[in-house]
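Let's take a friendly tour of a protein model, one topic at a time. Have the structure open and follow along.

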Amino acid sequence: MIKENKRDIGQMIKKRLAGLVVGTAMAITGLSSFYTVDQTQQAIVTQFGNPVRIILNQEETKDSKEKTKEMRDRYQDLGISVAEGAGLRFKIPYIQSVTKFDKRLLRWNGYPEQIPTADKKYIWIDTTARFYIEDPLKFLNTVGTEDQAHGRLDDIIDASTRNSITSRNLIEAVRTDERKMRVEVGLEETTSFEQVKEGRKKIVEEIIRDADKICKEKYGIRIHGEGILIKGISYVDEVKESVEKRMMAERQRIAKKYISEGEGEAQRIMGDKEREVKTVLSEAYKTSKGIEGKADAQATEIYAKAFSKDPQFYQFVRTLQLYEEGIGKDTKLILGTDNSLFRLIKGEYGLTQKESNR
Amino acid sequence: MVIKEVLEQIEDCDAKNSALKTWKWVKRGFIGAVAGIGLFGSLYTVPNDSVGVVQRFGNYSRTTEPGIHIKWSYGIESVTKVPIKRVQKEEFGFRSLKPGVDSQYIGADEIEQGKISDSDLENMISTSGERDATPNQSRLKEQAKQILRGEYLMLTGDLNMADMEFIVQYDIKDASKYLFNIREPKETIRDCANSVIRQLVGNGSVDEAINIGRVEYEIQSKVELQKLLDDYDTGINIVTVKLQSTNPPRNVRPAFHEVNSAMQMKEQRINEAKRTYNEAVPKAKGEALGLVESAKGYAAERVNKAEGDATKFEQLYEEYQKAPEITMQRMYLETMTKVLPSITDKWIVEQSGDGGLLKLLHLPGNGPEAK
């Protein structure tokens, strides 16, 4: 009985084990017939290495449907279907495999490049780009991985940057438009500004256009419409030194200008002062003399009016006054005996006009 | 089931029962654990400053607000928490060492002076987003300075240079765009900001960059940076762009200071002159006023005196008319009486032909000997 039981148990274990193996195999098969496409991804399903299905994962916009249609048209004849949207998806287990690519805007960052401009100025240009994989199948076939893509973009963007910069003067890469620049007082006339014909925006647009064309045609990569950025631009060291010298000279010129302006202004104010003082004083002189003259005239008129009543009497009175005022302690007086003062003594009476003094 | 059947073969009744009982508990425990893990995995909390972005099998499903939420577990749904209300900051041309402490930062000068530790430099280099930015122990300083220089050094529209340090503050306005449209959001903000600022600075003069155009640049760069990030559909919202220190290149700075001191000298010189003017002109005006007033005084005096004299004369004349001879004589004698006593030196001489006694006198300045 025990033996029988043991045999039964043995058979039973074998049976169950077989079941387990089959179950596991079925589970693995089941799982491998699912795959997920993340919201950030797009995917390609290949069958023995041949692409059979493209999962685009576009945001729904006006253009997105058109793009899907375009992709369908492009790949329908090759027997490749195009689907839209992230999420859980099915495939034939074992014989189909999935390759996923990012669908987001990706960053390419270049090395700073030393580039000469048309006016022979050497500058460092540091560019960066935003690109995305538009056609994952073309990308898979021609590029393969993102690392590879970076290598291609290095070549393409550096080349178109170089082309666009070297064919133009430096000012075109620096300025955007002809907006009038404001400068420190004192530099307006002395600084000569170069004319801008196209400007930085146009150059960048050109670089984007050139690079995007190649990327699209060859690799299924697109550069975003605003996707190339000049994030660094500076002079090489030798040029830098000469620019610094120029800047210093400019500033010293302003400094000198300020000092001489100060001097000039001060002189002007001092001149003003002189003029003002002299004008004021001379006007006052004029006025005062006028007043005095008028007063003199008035006085003369008054005197004349009074004295004209008897000029002779006036003369007499005035002479007496003169004696009174003009004869003092220090006067030496010599009186002749003819003098009217002595007339009484001599027996003569009456005053005559003959008087003298000394 | 397999195990259960095997267990049933056990002959010892007690042993069989206890084994079966144990098995039952093991099974219940297993089911409980699976259910527990499933339930636990389906609960999640979104912090106050964030939203939760839920994806089902990778496909965007929904965005949830702060609080506790349920999702499918076992890999069916996953959630990413995005801190949309947190304002984040990017620094250009320098780095703060401690967040919120502005006084401690990494700048080109600080690196040069050796104030920054190697680990801080390494950290700065590896987070710079620059290509080839693997810290190289032997040239850490050089690398770090290179990176900062790449950020602050700019060309201006008059083909001069300026050192511009600035910060960008931003938050996230659309979490799903932020997650699904762009892979390197931080680097993208940095690249865009570097480019936008350069475009603005490049279109203006060095004076605008370091001084007179700062406010406009801040406003314009915010607008243009936002526009660019919207073009990329990043879901990022720029809160502010702030220019920090904006300077001429280090070597040129003394020359700029010279301008400042010259400006001050100019002011000083003008002020001095103005002071002199302000002293002299009012003084002259006062003097002028004085002159006129004194002339008026003279005039009044002159006229009054004349009138007084005239009046006096007229009165005298009136009296004189009454008795002309007598009055004249009286006046004459009165005057003489007044005048003569005051003269100490008086000579009276006989008036004969040759002067008589006069020639005997030694009058100074009158006689021939007096010479």
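Predicted model: local features only at pLDDT ≥ 70, side-chain atom pairs only at ≥ 80, totals over all residues.

V45(A) has V98(A), in strand 6 of chain A, as its bridge partner. Residues are numbered from 1 along each chain as its sequence is written, while chains are lettered from A and ligands numbered from 1 in the order in which they are written.

**The sheet in chain A**
- An open sheet of 4 strands has the order 4-3-2-6, with mixed pairing (strands pair if DSSP finds at least two bridges between them; strands are DSSP runs of E, at least two residues, and helices are runs of H or I, at least four, numbered from the N terminus).
- Strand 4 (81–84) and strand 6 (96–102) of chain A are its edge strands, each pairing on one side only.
- On average, neighbouring strands of this sheet are turned by 25° against each other, direction ignored.

**Where chains A and B meet**
- Chain A has 107 residues in contact with 104 residues of chain B (contact means C-beta atoms, placed from the backbone, within 7 Å).
- Helix 7 (residues 237–307) of chain A gives the largest share of chain A's side, 40 residues.
- Strand 11 (residues 332–336) of chain A runs parallel to strand 12 (residues 345–349) of chain B, joined by 5 bridges.
- K332(A) has D345(B), in strand 12 of chain B, as its bridge partner.

Notes. Contact = placed C-beta atoms within 7 Å. Axes fitted to C-alpha atoms, helices over the stretch in contact; angles between N-to-C directions.
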